[in-house]
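Good morning, and thank you for coming. I would ask you to look at the sequence and the structure together while I speak.

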Amino acid sequence: MNFSKGGLVAVSLAAIVASGCSTSRFSSMDDQQPAPLQPAPAGQVSSNQRPPPAAPGTTDPSPCPTAPANTQVASLPPDGAAPAGAADLSAAAVAGVWNVSVSGQSCKVATPQTKFGAGFRAGPLHCPAPIDGIKSWNVAGKQLTLYDENGGSLARLYSSGGSKFDGQTSNGQPISLTR
């Protein structure tokens, strides 16, 4: 009898299937049934309107994360010039992940040195407006500028020494970046 290799494999597989290979490894699991789930509690759903935001200088009952109470943000001079003592910046000094505080709310922004448009890509994480719209950043002299998707300026910041930047958003909110 002459069998081809493929025919021999097919006959062997048919024999294994016909022999009814079985195992008892899973048989103990077949008898176990999961415990029935309990129904969700019944009740009524109600909706309440959130209270208006707290006035400046008062306690905000909001569950949003806030910056530490002792955080101070330097304001920019009215003409937009760099504050006294601001250092010249480089992209390498800005690259990384920053803790951001915007009007008392905090979030994180990643500033990798990945080229994007006229600067570098930026990635906000759970940031409040307008910082949630950051798409890129760049440095020029002493100024760090954060940009939106259209290249519009969202914030201007200057080094406050060490690993800290202070400045203002385009709508005048104080903003601070720290590591």
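Let me begin with a term: a residue is called buried when its relative accessible area is under 20%, exposed when it is over 50%, and partly exposed in between, using a 1.4 Å probe and protein chains only. The model is a predicted one, in which local features need pLDDT of at least 70 and side-chain atom pairs count only at pLDDT 80 or more, while totals for chains, interfaces and linings use all residues. Residues are numbered from 1 along each chain as its sequence is written, and side-chain values use heavy atoms, with hydrogens and water left out.

I turn to the disulfide, which here means a pair of cysteine sulfur atoms within 2.5 Å. The structure holds one, and it joins Cys107 to Cys127 with an S to S distance of 2.1 Å. Cys107 lies in strand β2 and Cys127 in the loop between β5 and β6, so the bond ties together parts that are 20 residues apart in sequence. Because the torsion about the S-S bond is about 90°, this disulfide is right-handed. Cys127 counts as buried, at 11% relative accessibility, and Cys107 is also buried, at 8%.

I have mentioned strands, so a word on them: helices (H or I, at least four residues) and strands (E, at least two) are DSSP runs, numbered from the N terminus. Two strands pair if DSSP finds at least two bridges between them.

In what order do the strands of the open sheet run? The 10 strands follow the order β3-β4-β6-β7-β8-β9-β10-β1-β2-β5, with antiparallel pairing. At the edges stand β3 (115-116) and β5 (123-125), each with a single partner strand, so one side of each has no neighbour in the sheet. Strand β5 is joined to β2 by three bridges, and Ala110 stands opposite Gly123 in β5.

Strand β2 covers residues 105-111 and includes Thr111. Thr111 is buried, at 1% relative accessibility. Its side chain reaches the backbone oxygen of Val94 at 2.7 Å. If contact means heavy atoms within 4.5 Å, then, leaving aside neighbours within four places in sequence, the partners of Thr111 include Trp98, Arg121 and Trp137.

Next, please find strand β8, residues 153-159. Five of its seven residues are buried, so β8 is largely enclosed by the rest of the structure. It pairs with β7 (residues 143-147) in the antiparallel sense over five bridges, with Tyr147 opposite Ser153. The hairpin of β7 and β8 has five residues between the strands, and Gly151 in the turn has a positive phi of about 85°. Five bridges also join β8 to β9 (residues 164-169), again antiparallel, and Ala155 stands opposite Thr169. In this second hairpin, four residues separate the strands, and Gly161 takes a positive phi near 95°.

Finally, salt bridges: a side-chain nitrogen of Lys or Arg within 4 Å of a carboxyl oxygen of Asp or Glu. How many does a search of the whole structure find? There are two. In one, Asp88 meets Lys142, with the closest N and O atoms 3.6 Å apart. This pair links distant parts of the chain, 54 residues apart. Asp88 is exposed, at 60%, whereas Lys142 is partly exposed, at 33%. The other salt bridge joins Asp166 and Lys164 at 4.0 Å, N to O. Here Asp166 is buried, at 5%, and Lys164 is partly exposed, at 22%.

Notes: A polar contact is a pair of N or O atoms within 3.5 Å; within protein, one must be able to donate a hydrogen and the other to accept it, and residues adjacent in sequence count only if both atoms are side-chain atoms.
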